[in-house]
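Subject: Model for your review, salt bridges

Dear colleague,

Here is the structure I said I would pass on. Please look it over alongside the notes below.

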Amino acid sequence: MINIKDPNSEESEPPKQFSFDTVYDWNASQRDLHDQTAQPLVQSAMQGYNVTFIAYGETGAGKTHTIQGNLAEKELDGIIPRAMKEVFKIIQNTTNKQYLVYCSFISIYDEVINDLLSSSSSPSLLLREGIKLGVFVKGVTWSQVKNSEEMFKLYLKGLSSQSILTSHMSRSRSRLASVFNIRLESFELNTEGKTDICVKNLLFIDLAGSERKRKTAGQGDHLRETTKISLSLSPLANVLSSLTNGKSKHIPYRDSKITRILQA
């Protein structure tokens with residue numbers, strides 16, 4: 001629990017309280033974050049749970065550094081490249097299950113979804129919902145991979161596509177949200193000799209910068225863009241709040257593309 005007191009507030013006003021499971025300071029390494037936080041969650045995904053990593057904060061706060069890292073230096077690899085290796089390390093050491101692994105990579109800007117792994121300049125993608133599949137991105141590219149090296153190459157391809165997209169849109173990367181999805185399909189014989197199939201997702205979401213309008217000096221298009229991004233992040237905050245308070249009967253997943261993807 002961290003208490004923060006506004007020095008400009010009245011003396012009688014109580015400090016604001018914020019709860020965290022873990023706080024990392026400037027001495028923490030990428031490996032520390034992976035080993036203590038990310039690795040156990042990746043292991044949970046391999047055991048049959050849907051898992052999501054979300055990097056949230058203002059532009060320059062370190063979201064992409066945490067999720068992606070500096071890919072030119074192995075020691076500075078972020079959560080995604082380390083998770084890739086962890087997934088296939090677990091598969092290699094698992095004898096009672098067989099796995100198929102796929103990945104997809106999309107970006108979202110102003111509620112428009114673009115496929116970063118598509119080989120063609122396809123139009124924006126749409127979200128659909130089915131009885132068996134639940135919520136899914138219709139037409140998104142799913143690539144099957146056999147090892148972390150193949151997955152990493154696809155990840156780099158997606159980053160390259162994202163750079164081209166942001167350049168074409170005259171936008172900085174921090175204005176787009178990106179979603180890298182690892183789909184895990186496991187097959188295991190049960191006690192009756194039949195095959196149990198489990199399909200789960202390991203999601204990595206690098207959100208757009210969450211600047212407050214009063215803290216930005218932008219005007220015109222920049223101000224409108226900041227307003228749109230703020231509006232797109234508000235539904236995510238509402239969903240997380242509803243999920244954590246334990247009393248909400250309705251979770252507002254339908255309010256944005258990001259939250260709809262999380263519903264899956």
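The notes that follow concern salt bridges. Please keep in mind that the model is predicted.

A search of the whole structure finds 5 salt bridges. Three of these pairs are described here, each with the accessibility of its residues.

Arg31 and Glu75 form one of them, with an N to O distance of 3.6 Å between the side chains. This pair links distant parts of the chain: Arg31 belongs to helix α1 (residues 30-46), while Glu75 is in the loop between α2 (63-67) and α3 (79-92), and the two are 44 residues apart. Arg31 has 39% relative accessibility and so counts as partly exposed. Glu75, at 53%, counts as exposed, because the cut-off for that class is over 50%.

Asp77 and Lys85 also meet through their side chains, at 4.0 Å from N to O. Here Asp77 is buried, at 3% relative accessibility, whereas Lys85 is partly exposed, at 45%.

In another salt bridge, the side chains of Arg260 and Glu129 come to 3.3 Å, N to O. Arg260 sits in helix α6 (residues 257-263) and Glu129 in strand β6 (residues 126-130), so this contact ties together parts that are 131 residues apart in sequence. Arg260 is buried, with a relative accessible area of 11%; Glu129 is partly exposed, with 45%. Glu129 and Arg260 also belong to one network with Arg254, joined by salt bridges that share partners.

Regards

Note on methods
Residues are numbered from 1 along each chain as its sequence is written. This is a predicted model: local features need pLDDT of at least 70, side-chain atom pairs count only at pLDDT 80 or more; totals for chains, interfaces and linings use all residues. Side-chain values use heavy atoms; hydrogens and water are left out. Helices (H or I, at least four residues) and strands (E, at least two) are DSSP runs, numbered from the N terminus. Buried means under 20% relative accessible area, exposed over 50%, partly exposed in between (1.4 Å probe, protein chains only).
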